[in-house]
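Here's a quick briefing to read with the model open beside you. Take a look at the fold, then come back for the notes.

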Amino acid sequence: KAGRPGRMVRLDSSKPRFLVIQIDVVDTNFALVPVGVGLEDKWDVKRPTTDSAQGWLKQARAAAKQLEADEIWGVLVSVPGIVDEKAGRVVFSPNVHWSEKTDLPKLISQVWDAPVVLVQENRAAALGHLFGEPNYQNFLLVDFGHGVGGAIIEGGRLFHSPLPLNAEFGHTPIPGNHRQCGCGATGCLETKVSRTGLLHSFVEANRGQPESWEAMIAHVNSHGIKPWLAESLDAAGSVIAGALNVLGIRQVVVTGSLTEMPPRVIEHL
């Protein structure tokens with residue numbers, strides 16, 4: 001063939017170049033990753049997420065002692081809540097309130113001397129799914145956990161809106177729901193289908209049952225979709241269906257706690 005022979009290349013998967021931090025309501029995970037990152041989570045250090053910026057800084061410094069992150073190119077941080085990614089700040093976080101009053105990039109730079117980029121946690125998850133399933137270029141991701149949130153991938157890219165929030169399904173008000181939400185409002189979907197919300201409904205409907213996630217799953221396995229659960233799933237389904245109609249997207253990716261439950265739960269949804 002004319003010209004120089006072709007040469008196959010790939011992204012380096014051996015040399016750590018980035019520090020990845022996943023801040024969750026319960027835990028904060030740390031990992032050093034190369035540019036050619038793999039599909040499977042491999043966290044090097046896990047620490048409990050504290051209830052203050054100074055407490056979290058102490059945990060980060062402890063994690064740094066276990067990591068050899070001297071020559072990294074940047075720190076990539078997944079954070080919950082409403083995140084202004086361009087400004088690098090958390091605007092509002094119903095479940096990790098201390099992060100709202102904290103300059104996270106500045107806090108992290110006290111431990112690691114590298115540029116810091118914040119990404120909203122559900123948007124990070126959507127990018128991860130896109131990386132793992134590149135043939136799916138348009139989908140709506142909905143994550144059920146300690147909160148309920150989502151992200152939109154359109155044409156192989158994250159959907160951006162003028163405000164630093166979108167796909168906030170969890171804070172859609174549900175008629176007849178009088179539970180108080182961490183955001184300050186009343187009746188949010190999140191209070192029904194988050195882990196705490198589902199447990200609350202389970203205990204209300206089944207007096208005397210242990211208040212644990214495992215007990216609830218065992219009950220659903222034995223008794224199926226009872227009204228306390230069907231009501232919450234129907235509310236979530238209505239919100240998701242409305243979003244699909246508005247966006248014109250037909251694929252939904254469900255992640256989080258609902259996927260830990262019996263398959264009939266997702267089937268009902």
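Which helix and strands each supply at least two residues of the lining of the second largest pocket? They are strand E5 (82-84), helix H3 (121-132) and strand E9 (148-154). Keep in mind that this is a predicted model, where local features need pLDDT of at least 70, side-chain atom pairs count only at pLDDT 80 or more, and totals for chains, interfaces and linings use all residues. Residues are numbered from 1 along each chain as its sequence is written, and side-chain values use heavy atoms, with hydrogens and water left out.

**The second largest pocket**
- Its volume is about 320 Å³ (a pocket is an open set of points on a 1 Å grid where a 1.4 Å probe fits, with protein on both sides within 12 Å along at least five of seven lines; lining residues have an atom within 4 Å of a point).
- Of the 21 lining residues, Val83, Arg123, His160, Leu163 and Pro164 sit closest to the centre.
- E5 gives the largest share of the lining, three residues (strands are DSSP runs of at least two E residues, helices runs of at least four H or I).
- Sorted by class, the lining has eight nonpolar, eight polar and five charged residues.

**A surface patch**
- Leu11, Val35 and Trp73 make a nonpolar patch of about 310 Å² (patch residues have over 30% relative accessible area and no salt bridge, with nonpolar side chains joined within 5 Å; a salt bridge is a Lys or Arg side-chain nitrogen within 4 Å of an Asp or Glu carboxyl oxygen).
- Trp73 lies in the loop between helix H1 (53-66) and strand E4 (74-79).

- Ala167 isn't a glycine, yet has a positive phi of about 55 degrees.
- You'll find Ala167 in the loop between strand E10 (157-158) and helix H4 (190-193).

Definitions and conventions: Grid points are joined across faces, edges and corners, and a volume is the space filled by probe spheres set on the points. Ala, Val, Leu, Ile, Met, Phe, Trp, Tyr, Cys and Pro count as nonpolar, Asp, Glu, Lys and Arg as charged, and the others, Gly among them, as polar. Patches are made of residues with over 30% relative accessible area and no salt bridge: like charges are joined within 9 Å, nonpolar side chains (Val, Leu, Ile, Met, Phe, Trp, Tyr) within 5 Å. Accessible areas come from the Shrake-Rupley method with a 1.4 Å probe; for residues, only the protein chains shown count as cover.
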